[in-house]
Amino acid sequence: MRALRTAASGMAAQQTNVEVISNNIANMNTVGYKRQRAEFQDLLYHNVERMGATSSSAGTVVPTGIQIGAGVKTGSVYRITEQGTPTQTGNRFDLAIEGKGYFQITLPSGETAFTRAGNLSLNGQGQVVTDDGYLLNPQISIPQDAVDVSISRTGEVQVITQGATEPQVVGTIQIATFFNEAGLEAVGDNLLLETAASGPATVGTPGDPGFGELLQGYTEASNVDAVAEISALIIAQRAYEMNSKVISTADEMMSVSAQVKS
């Protein structure tokens with residue numbers, strides 16, 4: 001019976017949906033995390049009677065026909081890149097991007113990754129790094145005798161050293177934008193990689209047209225809405241249960257059919 005396979009595809013799709021929702025909920029407090037949404041597509045149809053086919057010698061045509069669907073599949077898991085709420089931390093090296101853009105991170109392999117997570121700090125050489133010790137790109141180094149660090153909304157990093165009265169510029173933070181941000185590949189550790197789907201990175205200075213600005217002492221919170229995720233979870237659970245009920249009903253119908261034939 002076709003209903004068994006159709007309902008099974010529905011259960012598999014809702015299982016994927018629940019997995020996506022659970023990942024969103026698990027990352028509610030992950031800095032810079034962007035929630036995801038599963039999107040589905042219907043499968044091929046079996047044409048029992050094709051619409052538009054001739055139904056008589058008089059030239060009449062079938063108005064709607066008979067098509068039986070084969071179920072559903074996961075079409076994509078889409079990343080929603082809307083802005084998260086800036087959260088004040090008090091750490092002078094924490095940065096949030098207000099608007100479009102990604103920080104550039106140099107991986108140990110030399111490859112450039114991208115992130116919205118601006119919870120940065122210094123390593124033993126005074127270089128600005130991520131939680132995993134990966135260098136910010138372009139590289140910013142803070143002098144050992146610096147007593148104060150200021151990062152402007154346009155990314156200019158200024159320090160005041162011991163005995164100095166005027167600040168000195170030690171570098172400028174640049175950010176990258178993409179034509180299709182949802183096409184970036186997530187590789188964990190709050191990092192994303194450029195792909196053919198995202199398009200090449202466009203690098204610029206914060207505050208330039210099309211680029212966001214920086215907020216020093218803030219990080220961007222996850223954009224996960226707990227209430228919306230719980231509601232979506234309940235809907236997915238109900239859909240899973242209904243598909244399970246279809247399988248039970250189809251099985252009972254097949255049992256009745258088998259008894260009639262015997």
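**Entry 1**

I start with a cut-off: a residue is buried when its relative accessible area is under 20%. This is a predicted model, and I keep that in mind throughout. I looked up S9, and at 14% relative accessibility it falls under that limit, so S9 counts as buried. S9 sits in helix α1, which runs over residues 2-26.

Leaving aside neighbours within four places in sequence, S9 is in contact with A70, G71 and V72.

Then I checked the helix as a whole. α1 has 25 residues and reaches 37 Å from first C-alpha to last, close to the 36 Å expected at 1.5 Å a residue. I listed the buried residues of α1, and S9 is on the list with A7, G10, M11, A13, Q14, N17, V20, I21 and N24.

Not counting residues up to four places away in sequence, A3 touches V246 and A250.

**Entry 1: aromatic pairs**

How many aromatic pairs does the whole structure hold? My search found two. One of them is Y102 with F178, edge-to-face, at 6.0 Å centre to centre and 70 degrees between the planes. This pair links distant parts of the chain: Y102 is in strand β7 (residues 102-106), while F178 is 76 residues away in the loop between β15 (175-177) and β16 (185-188).

I then looked at F114 with F178, which is also edge-to-face, at 4.9 Å centre to centre and 85 degrees between the planes. F114 lies in strand β8 (residues 112-115) and F178 in the β15-β16 loop, so this pair ties together parts that are 64 residues apart in sequence.

I have written down Y102, F114 and F178 as one aromatic cluster. I also noticed R116, which lies over the face of Y102 at 6.0 Å from the ring centre.

A reminder to myself: in soluble globular proteins, nonpolar side chains tend to be buried together. Here, the largest nonpolar core has 23 residues, and the members touching the most other members are F103, L136, I142, I173 and L214. Which elements give two or more residues to this core? I count in β6 (95-98), β7, β12 (146-151), β13 (156-161) and β17 (191-193). The largest share, three residues, comes from β12.

Leaving out residues up to four places away in sequence, L214 touches L95, A96, I97, F103, I151, S152, R153, G155, I173, I175 and P206. There is also a second, separate core of six residues, and among its members are Y102, F114, F178 and L192. The aromatic cluster of Y102, F114 and F178 turns up again here.

**Entry 2: T54**

I found T54 in the loop between β2 (45-49) and β3 (66-69). At 60% relative accessibility, T54 counts as exposed. With neighbours within four places left aside, its contacts are G59, T60 and V61. How far is T54 from Y134 in space? I get 68 Å, C-alpha to C-alpha, for a separation of 80 residues in sequence.

Most residues other than glycine have a negative phi, and most peptide bonds are trans, so I went looking for exceptions to both. N137 and P138 are joined by a cis peptide bond, with omega about 0 degrees. P138 is in the loop between β11 (135-137) and β12.

Which residues have a positive phi without being glycine? I noted D189, at about 60 degrees, and N190, at about 65 degrees. D189 lies in the loop between β16 and β17, and N190 is found in that loop as well. D189 counts as exposed at 54% relative accessibility, whereas N190 is partly exposed, with a relative accessible area of 30%.

Definitions and conventions
Residues are numbered from 1 along each chain as its sequence is written. Side-chain values use heavy atoms; hydrogens and water are left out. Helices (H or I, at least four residues) and strands (E, at least two) are DSSP runs, numbered from the N terminus. Buried means under 20% relative accessible area, exposed over 50%, partly exposed in between (1.4 Å probe, protein chains only). Contact means heavy atoms within 4.5 Å. Rings of Phe, Tyr and Trp (its six-membered ring) pair if their centres lie within 6.5 Å; planes under 30 degrees apart count as stacked, over 60 as edge-to-face and the rest as tilted. A charge sits over a ring if NZ of Lys or CZ of Arg is within 6 Å of the ring centre and within 35 degrees of the ring normal. A nonpolar core is a set of buried Ala, Val, Leu, Ile, Met, Phe, Trp, Tyr and Cys residues joined through side-chain atoms within 4.5 Å. The expected span of a helix is 1.5 Å times one less than its number of residues.
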